[in-house]
Amino acid sequence: MSDTGYQALDAEQAVLGSMLIDAACIAPTAARLRDKDFALALNQGIYRTLVDMDLAGMPVDGMTAAAELIRRQVAEEAAIRSYLVQLMDVTPTSANVAEYAQIVQDCARRRGLRDALRAAVQDLDAHLPQEDVAAALEAVLSDAGARASGDLLTPAQQVDRFFARRERIDGGAVPYVRTGLRQLDKLLGGGMMDEGLYFLAGRPGMGKTALGLSIAEYVAANVGPVAMISMEMSDAQLTARRLAALGKLDSSVVLTEALTDDEYRRAAEAARVIGKTPLYVTAGRAYTPERVASIVRGRKGCRLVVVPLRYGAGVKGKVVEAIYNGSVIVTTSIGAEGIPQAERVMKVADEPEAFAEQVVSLYGDLKACGAMAMETQKYIRDYFSVDAAWDVIKDDFTKE
């Protein structure tokens, strides 16, 4: 590691050299490192190329890597060939690749923390809201901590975690949360699975907020604390709805009209229940994803992103964002509209039965989910990266 601790070029070269002399190193290394973990831009390009070649089933050695790097124009041909020879010369064995990768990752985390702290100071100097600065900084710290603990579980860890889960279930723990709506719980197989992500969607005026509040109220009263992040309704509107539902009142009357003595009595009784129910709501402001994560201190536990759009036009930004974040997606042709080669990174179905079948089958196939998640990163580089944008611009200006 260098004196500053922010880069270790020797370790970067050792990782790349190990991958060149022993292709079996590529998959486990790719599970640990990202291309941006390398401080040197040339090393980033070489690492990205070697990982892509391995994913595509291409043989990886000094000659094949040189040919692919030259094709991708990562650097000048002479420089590439000379540098690859140097990488293999300085790496006599691949036996210590895991240790080299750990050094590279440690330096990358330090650089990320340093850059985040610098950005936070600049944002504070620019008088940005303190809570937004803190949320952005916390997101970086959370990512660094998650990566430090490792993203992948060993086979032994997987087995241990599974049987620990089974012991909790056998001891009476329930692996899902009931919504309080019997028919919905039946459709969900008992309730909402823990660590699951569920989307409640519908046209305006269909009662999405009412249903969401009903579920949140039941879970908070019978299971445990619930956070409801609202970006359209104020806390007064949400509280009025809760009071109205519990007190059998009209929510618009509770919010804006004079109440009769009987209505006040019922509202007061409902308020006593609300005061004892651990359901926390926000004030209807716009929140960044980082701020939401900061509020709920959540962990990502989503296996699928389900986007059952029936109406709309053009590229859906949230779908692209889901791809960017490595999510496994099931959507309709409307949701996939304008996304090139969408079938590479999502399942598309329009009929209700076919759509439901795709969700169920993909949710139960961890291998397919993993393969699709890995493909998302190559897909983003191909179609939605800065380099891809420049390629499109270049084509536009070079067409005759």
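Arg 242 touches Leu 213, Glu 217, Ile 274, Thr 277 and Leu 279, leaving aside residues up to four places away in sequence, where a contact means heavy atoms within 4.5 Å. Arg 242 is found in helix 11, helices being DSSP runs of H or I with at least four residues and strands being runs of E with at least two, both numbered from the N terminus. With a relative accessible area of 6%, Arg 242 is buried; buried stands for under 20% relative accessible area, exposed for over 50%, and partly exposed for what lies in between, with a 1.4 Å probe and protein chains only. This is a predicted model, in which local features need pLDDT of at least 70 and side-chain atom pairs count only at pLDDT 80 or more, while totals for chains, interfaces and linings use all residues. Residues are numbered from 1 along each chain as its sequence is written, and side-chain values use heavy atoms, with hydrogens and water left out.

In helix 13, Glu 263, Ala 267, Ala 270 and Ile 274 are buried, and they cover an arc of only 65° around the axis, which puts them on the same side of the helix; the arc is that of the directions from the helix axis to the C-beta atoms. On the other side of helix 13, the exposed residues are Asp 261, Tyr 264, Arg 272, Gly 275 and Lys 276. The cover over the buried residues of helix 13 includes helix 11 (235-247) and helix 12 (251-256). The 16 residues of helix 13 (residues 261-276) should span 22 Å at 1.5 Å a residue, and the end C-alpha atoms are 23 Å apart, which agrees; the expected span is 1.5 Å times one less than the number of residues.

The same check can be applied to helix 6. Its 29 residues should span 42 Å at 1.5 Å a residue, and the end C-alpha atoms are 42 Å apart, in agreement with that value. Helix 6 is followed by His 127, which lies in the loop between helix 6 (97-125) and helix 7 (130-149). His 127 has a positive phi of about 65° although it is not a glycine, and at 70% relative accessibility His 127 counts as exposed.

Three strands form an open sheet in the order 5-6-7, with parallel pairing, where two strands pair if DSSP finds at least two bridges between them. Strand 5 (305-307) and strand 7 are the edge strands, each pairing on one side only, and the twist averages 15° from one strand to the next. Strands of a sheet pair through backbone hydrogen bonds, either parallel or antiparallel. Strand 5 and strand 6 pair in the parallel sense over three bridges, and Val 306 stands opposite Val 330 in strand 6. In the loop between strand 6 (329-331) and strand 7 (346-348) lies Gln 341, which has a positive phi of about 45° although it is not a glycine; at 40% relative accessibility, Gln 341 counts as partly exposed.

Helix 15 (residues 317-324) lies across strand 5, strand 6 and strand 7 and runs at about 155° to strand 6, while helix 16 (residues 352-363) lies across strand 5, strand 6 and strand 7 and runs at about 170° to strand 6. Axes here are lines fitted to C-alpha atoms, for helices over the stretch in contact, and angles run from 0 to 180 degrees between N-to-C directions. The buried residues of helix 15 are Val 319, Val 320, Ala 322 and Ile 323, and they cover an arc of only 155° around the axis, which puts them on the same side of helix 15. These buried residues pack against strand 5, strand 6, strand 7 and helix 17 (366-383), whereas the face of helix 15 turned away from its buried side carries the exposed residues Lys 318 and Tyr 324. Just after helix 15, Gly 326 takes a positive phi of about 75°.

For the protein as a whole, there are 18 helices and seven strands, and buried residues make up 30% of the 400 residues. Among contacts between residues at least 6 apart in sequence, 64% join residues at least 24 apart.
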